[in-house]
Amino acid sequence: MINGMNWDYFPIGTNYMYDFWGQPDDFIKQALDYEMGLLQNMGVNSIRVYTGITPRWVEYIYDNFGIYTMLNHSFGRYGVMLDDGWMANTEYSDPRVQELLLREVTELVEEFKGTRGLLLFLLGNENNYGLFWGGAETEDIPIQDRESTIRARAMYEMFNNAALAMKAIDDSVPIALCNGDLLFLELIVELAPDIDIFGTNVYRGETFTDLYDRVADEYGKPVLLTEFGSDAFNARTNQEDQLMQAHYKRLNWKDIYSHAAGLGRAQNSIGGYTFQFSDGWWKHGQTEELDVHNTEATWANAGYQWDYVEGENNMNEEWFGINAKGPTNSEGFYELFPRAAYYVIKQAHEFDPYAGGVTLADLEKHFDGISLTGAMLQARGDKAALQVQRLSQIRLSRLSAKFSTFSTGGDKITTPETNNSDVREFPNQTGFDHMQSIFVGIEAQPSNNVRANVEFNILGNVAQNPIDEIFYENRGRPVDVRGVNGDVTLEDVNRIQLYRAEYEWNTRWVDIEGFYRTGHYHWAYDGDFFNLYPEANYGENIDIYNGMAPFGMEAEFKRELSGLKMAFGPELWWGANPAILLKYTRDFGNYSVTGTFHEDLEGPSDDISSSFAVPEPRTRRFGLHVNREFGNFEIDLGGLWAGQPLNGREFQIYRGPEDGSGDLFVDEIKPEDNFGGKLKLTYTGGLFNWYGQTSLMGLVARGGGDQTITFTGWRLKDSGSSNQFNVLSGFTYQVGDFQIAPNFMYQQPLEGPIPSGVEAPGRPRNILDDPFVVRSNRETIAGELLITYDPTPETWMYDWDSDRTEDASLAISAGIVYRHHPTTQDAAVGILPDGRTAFAFGGAPAARDLWEVHARIVSKPTRHFGFIANIYGGEAEARGSDDRLINRIGGDLRVLYRNFMLNSFVRINDWGPYDYHRDFNLTFPLQLMADVSYTLSSPDWLGEPQTRFGVRGGFRTLDEFSPRYAPAFTTDVSGQIVPDPTAPGFGLGNEWELRTYIQINI
């Protein structure tokens, strides 16, 4: 009897991309010794493992623990890689697919021929369900869809052909297929007679009802349950329920044994594989919230009555483990904490259905003697140990301490050699300084469905000499204030500050998430066609400017209110006004209809930290979206009503040439200016994909920028601005590992900009004083060509976490964008040197064409070495009014080798790191940076906090367009001595910085 277990190894924070078998041998051995020991202790004699394991480790597990391996080939379940690209939903009738799968499974047999401990080969993983949808995340299982019968016939024929080909090489190892329950059993009987064992993933509740009898009557093959079980989270009570899980596991194994040969029932059961050994924290979102034990149920099953409610989901994918998973240590290991089901299964496996004289009465007696209460008491100690390890309900979620030193210098710069206490400037001097910055996080989890986390930043000394003068910790610099007895310098200012916070509360009716500077995702993939609710993940930018966004909460309703979402907060995205948003989606037959409402509760605030996040005028918006698929075509149609609070506001209109000598008129916003519409068509054809879209937006009918990805990583997108008409279209074509993707955009403002040369009272519009502007919606005819080379498209180059997941030896994305701008723009908004006061520029650069090229190169030839490079070049112009055109070029390079990481960049004739550099067109002839660090564990591509130490060097040259350039000095009209950056006869200046740091992160 197979007392099996579905087994894998995924530390918290990782997902399906984690390569356990690619880890160092010592790591694999230590993990196997620990987990196989736990399996051996509970009487497990076989594990189910997907391909990737090598014969060496199969033999190691068998030789040391007596545990056999069932080796599982997915057989195209999640797509296949063909010569002309990735086929996401496998078409088994395609001769290329057939050739590929047969080659893979026969090579598998050749590789494992004669391997000790290999029990059997398993083909697929409920591939019949894959005929209805693509992807790996569990969804509700369709009961019947006869449109898939033709595809199913081809698939089961392939299963049989594979079995014959494998047996021709080695007929000593049995071959099973893995079906989803009994769906298409009649086709299996007809088309797969040479399969040795009928394997099935089945979730029917306490027993498997008629499954064994049907297979015995119709197929006559042994039955092996390749997956079965229950999760350990009660969707009705919203808490962990070990008793529920143990109850179903006990009855499941009792049913499995009762159908064994010799016990008088169907007599075709040869065992099963419990699903699963430990919780999979990645399974709900696949790539999101990998360090959160998500409690949202994703599919419904009425067989599990303990927590089933009609019309609601009750199966929690992340809670199927019979062991809870502890946190990961610095070496990548974690500890397991058995639940009650572990001890129940251990007792179940003590029964031998093949022992002489055993009867069903003996089986009943044995399983009646398994005490669920006793198992709960045994597991209580394990749960207590887990809670102690997590510091019970309150624990330290983060402790990061960074200790840095700064040595700086330069030539022909305004920065003094020694600090002048009478002048407040940064950098305050060249030379040496130091800084200490500590982050402390505290997490509270009073129950499994409620969690809160807060993090604080604590400052020691704050360096005043870094050449990049704006950073998060600079809030702690000394501040001069005027008191009754004169000026006073406050040294210890704002030393402790709330850094970020978040909370979650999941109930039967609603899931609530709150955030303060922790980020959130947009709703555009969920029906928000006009992008009224943008994404708010800003990385270090929000830290640099000490902003507080995003700040608010989201609620996703369930049960009768399913489809309704709400967001509310003071600053839901950077620069947002206090607002509330509501979105409701409902299906009407084949049509999906979504309404999204946005109401600003107040107007813009005076507290502006960055010119990239200037609040726009108070608005009220409602978007309606309809989606429908027609075969390979998909249509999205939407209407927008927005900007009603601006009705009646006056604005200027200009008619005439670009030099400003034309005529000026005054008009006002009317109700018809509130309306807009958009249409998008897409065709998905595999090798060839196409989209086309157009929109017409009234003067104040403003949506948001398109943050979705259509087919590939194009840069020309709908800005979402009001006051425009646009057309966009592009296609992708796959040629082997190459994707060729041209894209086109035309946009035209309904009312053009007002040039800077216009006579008073005319002036360029700006968003602080006018109801609309011409900025991102300026008249444009643009085209781009994007070429991608990606031999491993299952790790897509344009995913948000592609830096981490891309695994190709070489993958390249390269593109060129050309923009024709026949007119200028209205004025941008900038920030004064005090960092708080906003102002409007006097105009904008002249009309001109712009182009840029870009490339991203990823190479990860081994698990110990890889690099990612980003290269760019082209013409660019300031956001403000400076008319100078710059030709810039640059790139960055990250290299990981074992525990070492290099971060570096080169920039030539480019802006500096802050938005005011681009606002005022401040450039540096050359900028260089290199950061080399050594980490305690493997470095992270996304730059997450780690324990490491390193050295960082920065160097930049200065000219007349650079801040702090002072080749000579002169006297201004007030008699003050000031720098003269235009003095003739002087060469370039420079400034440099050498930084050392040690960062401790827990």
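This is a predicted model: local features need pLDDT of at least 70, side-chain atom pairs count only at pLDDT 80 or more; totals for chains, interfaces and linings use all residues.

Reader: How should I read the angle between helix 7 and helix 9?

Author: An angle over 145 degrees counts as roughly antiparallel. Here the axes of helix 7 (residues 242–258) and helix 9 (residues 360–368) come within 11 Å and cross at roughly 165 degrees. That makes helix 7 roughly antiparallel to helix 9. The crossing of these two helices is right-handed.

Reader: Which residues make the contact of helix 7 with helix 9, and how do they divide by class?

Author: Helix 7 contributes Arg250, Trp253, Lys254, Tyr257 and Ser258, while helix 9 contributes Leu360, Leu363, Glu364, Phe367 and Asp368. By class, five of these residues are nonpolar, one is polar and four are charged.

Reader: At what angle do helix 3 and helix 4 cross, and is the crossing left-handed or right-handed?

Author: The axes of helix 3 (residues 95–112) and helix 4 (residues 149–169) cross at roughly 35 degrees and come within 9 Å. Helix 3 passes helix 4 in a right-handed crossing. On the side of helix 3, the contact is made by Gln98, Leu101, Leu102, Val105, Thr106, Val109 and Glu110. Helix 4 supplies Met158, Asn161, Ala162, Ala165, Met166 and Ile169. This contact comprises nine nonpolar, three polar and one charged residue.

Reader: Turning to strands, why is strand 1 described as largely enclosed by the rest of the structure?

Author: A residue counts as buried when its relative accessible area is under 20%. In strand 1 (residues 2–6), five of the five residues are buried, so the strand is largely enclosed by the rest of the structure. Ile2, Gly4 and Asn6 point one way, Asn3 and Met5 point the other way, and all are buried.

Reader: In what sense does strand 1 pair with strand 12 and with strand 2?

Author: Strand 1 pairs with strand 12 (residues 269–274) in the parallel sense over four bridges, and asparagine 3 stands opposite glycine 272 of strand 12. With strand 2 (residues 46–50), strand 1 pairs in the parallel sense over three bridges. The bridge partner of glycine 4 in strand 2 is serine 46.

Reader: Is threonine 682 buried or exposed, and which residues does it touch?

Author: Threonine 682 lies in strand 30 (residues 675–684). Its relative accessibility is 8%, and therefore threonine 682 counts as buried. Leaving aside residues up to four places away in sequence, threonine 682 touches Asn632, Phe633, Glu634, Trp690, Tyr691 and Phe711.

How values were computed:
Residues are numbered from 1 along each chain as its sequence is written. Side-chain values use heavy atoms; hydrogens and water are left out. Axes are lines fitted to C-alpha atoms, for helices over the stretch in contact, and angles run from 0 to 180 degrees between N-to-C directions. Angles under 35 degrees count as roughly parallel, over 145 as roughly antiparallel, 65 to 115 as roughly perpendicular and the rest as oblique. A crossing is left-handed if the near helix is turned anticlockwise from the far one by less than a right angle, and right-handed if clockwise. Contact means heavy atoms within 4.5 Å. Ala, Val, Leu, Ile, Met, Phe, Trp, Tyr, Cys and Pro count as nonpolar, Asp, Glu, Lys and Arg as charged, and the others, Gly among them, as polar. Buried means under 20% relative accessible area, exposed over 50%, partly exposed in between (1.4 Å probe, protein chains only). Two strands pair if DSSP finds at least two bridges between them.
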